[in-house]
Amino acid sequence: MTKTDVLHAVRLARLDLTLVGRNTTVLFNVMLMPLLLAALYSSFPTGDVAGVEGKVFVLTGVPGLMLAFAVFINLVNAFTSRREELVLKRLRGGQPSAVAVMAGSGLGALAVFLFQALLIGIWVNRFEDVLPVNVPLMVLAAVLGVAVFGLLAAAFSGMTPNAEMAQITVLPVLLVMMVAAPVAFPADALPGPLAVVSNLLPVTPIVEMMRTGFLGADHFGDGGEKLTMAGQWTAALPSIGILLVWVVIGALLARWLFRWEPRHG
Amino acid sequence: MIFPMRTRQLADATGTGTTGPEDVIEVGGLRQKYGDFEAVRGISFTVPRGEVFALLGTNGAGKTTTMEVLEGYAPATDGTVRVLGLDPIRQHRELRPRVGIMLQEGGFLGDLTVAETVDLWKGLSRDAGRPVTMSGSTELPGGFTLLGSRIRRVDRVTMGALELVGLEKKARVRVKQLSGGQKRRLDLALAVLAAPEVLFLDEPTTGMDPEARRTTWKVVEDLRDAGTTVLLTTHYLEEAERLADRLAIMHEGRIHTHGAVEEVVATSGDMIAFRLPGTSWTFGDLPVLDGVAPALTYASGGTEVGYTLSGSDAGTRAHAALRPLLAWADTRGETLERLAVRRGTLEDVFMRVVGEA
Ligand SMILES: Nc1ncnc2c1ncn2[C@@H]1O[C@H](COP(=O)(O)OP(=O)(O)OP(=O)(O)O)[C@@H](O)[C@H]1O
Ligand SMILES: [Mg+2]
């Protein structure tokens, strides 16, 4: 990435944020839905989970699930409609590079997501009086999460013929995330094989890194023991590894499936 | 904008060393396939610096396809293309800032305003790294954006671009509320924004009203006079005649005629035309003039007859052909209604090329 790429990416990200504010459907999907989701999940009556109050357990992990809306659905929609309206074609014929266009959308989505995560953080702090312990770990989870789901969104938009169909093509990913993400319970509480699968999906490491970072305790299994700062980073290494693998998978899929122009015929 | 010198004089004065290759656009044996379908079937042409070249042709002839290869959207299936001496795909990064593109359609974000669209494009153009220094701000009334409700100011460069295409009153309007022709104007403003050396215009005036069309012509002429090389497609033949130095007529992937506009028009020769009452006339009834058989069309109770005399001596041939024609009319006791000899037009050439193909 050159300096110009960075500059273009920032301008395109700012554009994306402006456009989110201009369209009520997008505004609802991207800004409101994730927060409603968080409210819904946190209203399930649960006792303590892994040594944490149920509500806190849910809210510290739910940002991982919010990625589905703030990033994945948002970007599948944006990429698809912009391709069909030939906006991507125009951009490609213009000066910004492919990397800048992608990075711009990723950056915009990251900003939206971080804002939402911040709201959740404030919520947890106000009502449950818990302060995040390891913010850098949480931000790393957010960045890697946005990268994975941004690239997956690029790939999925390639398989989506038009903006209306986007509601359908995102469903499989959405369902898998809803079922497998360890938001309301630890991943290891899932029955055997499901737990293994859940641990390999990108959403699980994000949820667990977020929660561990917020609470300063080991939430990569079902333990919940307090960890030192160094301990948190060490415990997070496998999750970071899984996410990096997913970044590569996402990049390959995006390279293979993403399209700049509408398919003809 | 008044530019004192025509480009070719400019090039002559400065030599080609600093201004780059003389042929800004080079297409050699270009073939382009979509799957099994060959949309462009081996075409060649060059456009020298500062010239306007028009690609004419039937729908589906391959004009847009050719343009898009030159714009670097797709690699050529076969043949060579160069723009400013560069490969549009492999040297895209180098080439992009020097090229302005007006696509055949679309490519706008409907939720942005007209001014924001120009601003965005400006921000993504060559000078993006520099702050826009020439931008004293013009305050416009009533510009509230949803985010933060702050008054957005439209800077001078943006306003200038909009004035160029007569969209200054629409600066605050969302792009999705523009009419088709207004979108074309905006597209033109974007294409010329970064003062490109090469301009690709795919049907620039389709959907424009006559005034906007004239504005567009003026913009193109000014740019050409400043040394910009222009490749344009159009279905308006008078537009090609007015703007182009040279043109090519395409049909089904091939170039059938090309050359300087006057030369191409001259190939259509002269036309003798008249009308006979009744619709019972056939070829056999009419004389062959100077070896040319007539073309007949039947319309509202009469028969339109036309002879096309081509070649550089068409004028004298027409003169000579009138005598036997009038003699034929006298013997038959017929009156040749609305008898006329006229110069052939580009449209005649177009129809002949497409008809023969
Ligand atoms: N992406 C594509 N896939 C398959 N066929 C295509 C594609 N784009 C164009 N074609 C075909 O290639 C041929 C040339 O199309 P092109 O758009 O270049 O024509 P054109 O000369 O620009 O026509 P028009 O005057 O209507 O704009 C047409 O027959 C068209 O159907
Ligand atoms: Mg076309």
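**Exercise 1.** Determine how H3(A) and H5(A) are oriented to each other.

*Solution.* H3(A) and H5(A) are roughly antiparallel (angles over 145 degrees). The angle behind this is about 155°, and the axes lie 9 Å apart; axes are lines fitted to C-alpha atoms over the stretch in contact, with angles from 0 to 180 degrees between N-to-C directions. H3(A) covers residues 54-84 and H5(A) residues 98-128; helices are DSSP runs of H or I with at least four residues, numbered from the N terminus. The contact (heavy atoms within 4.5 Å) includes Leu59(A), Met66(A) and Arg82(A) of H3(A), and Ser105(A), Phe113(A) and Trp123(A) of H5(A).

This is a predicted model, in which local features need pLDDT of at least 70 and side-chain atom pairs count only at pLDDT 80 or more. Residues are numbered from 1 along each chain, and chains are lettered from A in the order in which they are written.

**Exercise 2.** Decide whether Arg82(A) is buried or exposed, and list its contacts.

*Solution.* Arg82(A) sits in helix H3 of chain A. Beyond neighbours within four places in sequence, Arg82(A) contacts Asp16(A), Leu19(A), Val87(A), Leu88(A), Ser105(A) and Leu109(B).

**Exercise 3.** Explain why H6(B) is largely enclosed, and find what covers its buried residues.

*Solution.* H6(B) spans residues 180-192 of chain B. Of its 13 residues, 10 are buried, so H6(B) is largely enclosed by the rest of the structure. Among the buried residues are Gly181(B), Arg184(B) and Asp187(B). Their cover includes helix H4 (87-93) of chain A and helix H7 (210-225) of chain B.

Notes:
Side-chain values use heavy atoms; hydrogens and water are left out. Helices (H or I, at least four residues) and strands (E, at least two) are DSSP runs, numbered from the N terminus. The expected span of a helix is 1.5 Å times one less than its number of residues. Buried means under 20% relative accessible area, exposed over 50%, partly exposed in between (1.4 Å probe, protein chains only). Angles under 35 degrees count as roughly parallel, over 145 as roughly antiparallel, 65 to 115 as roughly perpendicular and the rest as oblique.
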